[in-house]
Amino acid sequence: MTTVTIQPTGISADDVLAVARGSATIVLDPATIDAMATSRAIVDGIESSGRPVYGVSTGFGALANTFIAPERRAELQHALIRSHAAGVGAPMPREVVRAMMVLRVRSLALGRSGVRPLVAEALVDLLNHDITPWVPEHGSLGASGDLAPLAHCALVLLGEGWVLGPTGERQDAADALTASGLKPIELAAKEGLALINGTDGMLGMLLLAIHDAAHLFAMADVTAALAIEAMLGSERPFLPELHAIRPHPGQAASAANIHRLLQDSRVMDSHRDDLAHAVQDAYSMRCAPQVAGAARDTLDFVRTVAGRELVSVVDNPVVLPDGRVESTGNFHGAPLGFAADFLAIAAAEVGAIAERRVDRLLDVTRSRELPAFLSPDAGVNSGLMIAQYTAAGIVAENRRLAAPASVDSLPTSGMQEDHVSMGWAAAKKLRTVLDNLTSLLAVELLAGVRGLQLRAPLEPSAAGRAAVAALGPAAGEPGPDVFLAPVMEAARAVVAGPELRAAIEREVGPLG
């Protein structure tokens, strides 16, 4: 079992994934405890001085100028959590909530939030006991961070609210704490605000999306190569010297992948010297590296943004080492919202160009002697005709989802929060785009495999052989129509999983 140790300098993206998708145990480094205790002492000093400080001795948002008497400040923090846990809709997935929670621990551990160590320890206890708060999908504007989602997490620390049951049902938090031997905590001044003011939900979803996109963009090169091979396309547009003269790094990596995947193929050998056969391939074939490569470069930018956010203090107000407590705007989600929207656009286009290759494979007038809809008996049988319909519908949905959320803003809190990022919505729909991309690449995988099977007895490339072997048990051999939905689900699993890529890399080396 993996152990993630949270330092006062933060954690890595891999740490977040280990907690979100695995069963990693979380430990607070002693230096982290010391950093939180030091900042808490500053807050305690401010409390005793009677100075008005936002969130410590005042209300929140539009109520920032309302002074709160010392004897009511703990009540203020509890009321804040209850009122802000106002989300609605279906629960967010366990992995998103766990990512959000460990990132909130990371934020507190940086020693700029002024909370007692026991608050971070209580969040760690939830994670280590696999207690996942029920966090509704709607509620965050990405303004003062992810207020409502984080409040739903914080509410569980108080023994209130809901958690996800073993099968996804909603359970009372108090019962879950009791069953795990945990007790609710009482919040002190500033601690409720520190639990909910930050970009942890947006960042958690973005880190999960970065990991998924990196795999899918590599698989997009694989499915493109299979389709090009099945359509008797040319490998010449992927020669390295052609991409050196336009030095976008993602483009060069994608072209190198596709070129390597097309080697040692009797299918490619059958027409390599036939200049009349493939003088110039269509854009969806020839320009695959330009599109997929641009997506890779976008992913690199997004990874940089997320890396900066991982070492950022995003609370408000923040406790500075010299004793000042200052209000900031670091909780605003614009950097993450822009990044999520940008990556959604890129991923949508990777899927769109894949669908165009599928359409060519199925069209008897453009597929270079493959049978219509990849059916040996087209007419009575429809082959993969409707699989392409499904892909077309998904491409249309991804285009709608690629419209940026971050250009929208609705003022809230009596115009105090008069510009919001919509970063939560941007990250949430990015995850949907990537899930849709998985389906689109699955359709291309299925069409490419069927096309290569129909080129028999010519033997395909190593990548083609691995793909046929991976999908063959579900897809079978070309023949009469079958119930196609299970085959497409199997293709999705092959695209999403690591096995096919690993099998290909054993033959051709690591993909860039």
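Mentor: Before we start, contact here means heavy atoms within 4.5 Å. Also, this is a predicted model.

Trainee: Fine. Which residues meet between H18 and H20?

Mentor: On the H18 side they are Ala462, Ala463, Ala466, Ala467 and Ala470. They meet Leu500, Ala503, Ile504, Glu507 and Val508 in H20.

Trainee: How does that contact split by class?

Mentor: The contact of H18 with H20 has nine nonpolar residues, no polar ones and one charged residue.

Trainee: At what angle do H18 and H20 pack?

Mentor: First, the general point: a pair of packed helices is described by the angle between the axes and the distance between them. For H18 (residues 462–475) and H20 (residues 499–508), the angle is about 150° and the axes are 9 Å apart. Angles over 145 degrees count as roughly antiparallel, so H18 is roughly antiparallel to H20.

Trainee: Is the crossing of H18 and H20 left-handed or right-handed?

Mentor: The crossing of H18 and H20 is right-handed.

Trainee: Staying with H20, which residues are buried there?

Mentor: Leu500, Ala503, Ile504 and Val508 are buried in H20. Looking down the axis of H20, the buried residues fall within an arc of 115°, so they line one face of the helix.

Trainee: And what does the face of H20 turned away from the buried side carry?

Mentor: That face of H20 carries the exposed residues Glu499 and Arg506.

Trainee: Which helices do the buried residues of H20 pack against?

Mentor: They pack against H9 (200–230), H11 (249–261), H17 (423–454), H18 and H19 (484–496).

Trainee: What follows H20?

Mentor: Gly509 follows H20, and the phi of Gly509 is positive, near 95°.

Trainee: You listed H9 and H19. How do their axes cross?

Mentor: The axes of H9 and H19 cross at roughly 110° and come within 9 Å. H9 and H19 are therefore roughly perpendicular to each other.

Trainee: Which residues meet there?

Mentor: His215, Leu216 and Met219 in H9 meet Val494, Val495 and Ala496 in H19. By class, the contact of H9 with H19 has five nonpolar residues, one polar and no charged ones.

Trainee: New topic. Where does Leu126 lie, and is it buried or exposed?

Mentor: Leu126 lies in H5 (residues 117–128). Leu126 is buried, with a relative accessible area of 1%.

Trainee: What is Leu126 in contact with, leaving aside neighbours within four places in sequence?

Mentor: Leu126 is then in contact with Met101, Ile131, Val156, Leu157, Leu177 and Leu182.

Trainee: How far apart are Leu126 and Cys153?

Mentor: Leu126 and Cys153 are 9.7 Å apart, C-alpha to C-alpha, and 27 residues apart in sequence.

Conventions. Residues are numbered from 1 along each chain as its sequence is written. This is a predicted model: local features need pLDDT of at least 70, side-chain atom pairs count only at pLDDT 80 or more; totals for chains, interfaces and linings use all residues. Side-chain values use heavy atoms; hydrogens and water are left out. Axes are lines fitted to C-alpha atoms, for helices over the stretch in contact, and angles run from 0 to 180 degrees between N-to-C directions. Helices (H or I, at least four residues) and strands (E, at least two) are DSSP runs, numbered from the N terminus. Angles under 35 degrees count as roughly parallel, over 145 as roughly antiparallel, 65 to 115 as roughly perpendicular and the rest as oblique. A crossing is left-handed if the near helix is turned anticlockwise from the far one by less than a right angle, and right-handed if clockwise. Ala, Val, Leu, Ile, Met, Phe, Trp, Tyr, Cys and Pro count as nonpolar, Asp, Glu, Lys and Arg as charged, and the others, Gly among them, as polar. Buried means under 20% relative accessible area, exposed over 50%, partly exposed in between (1.4 Å probe, protein chains only). The arc is that of the directions from the helix axis to the C-beta atoms.
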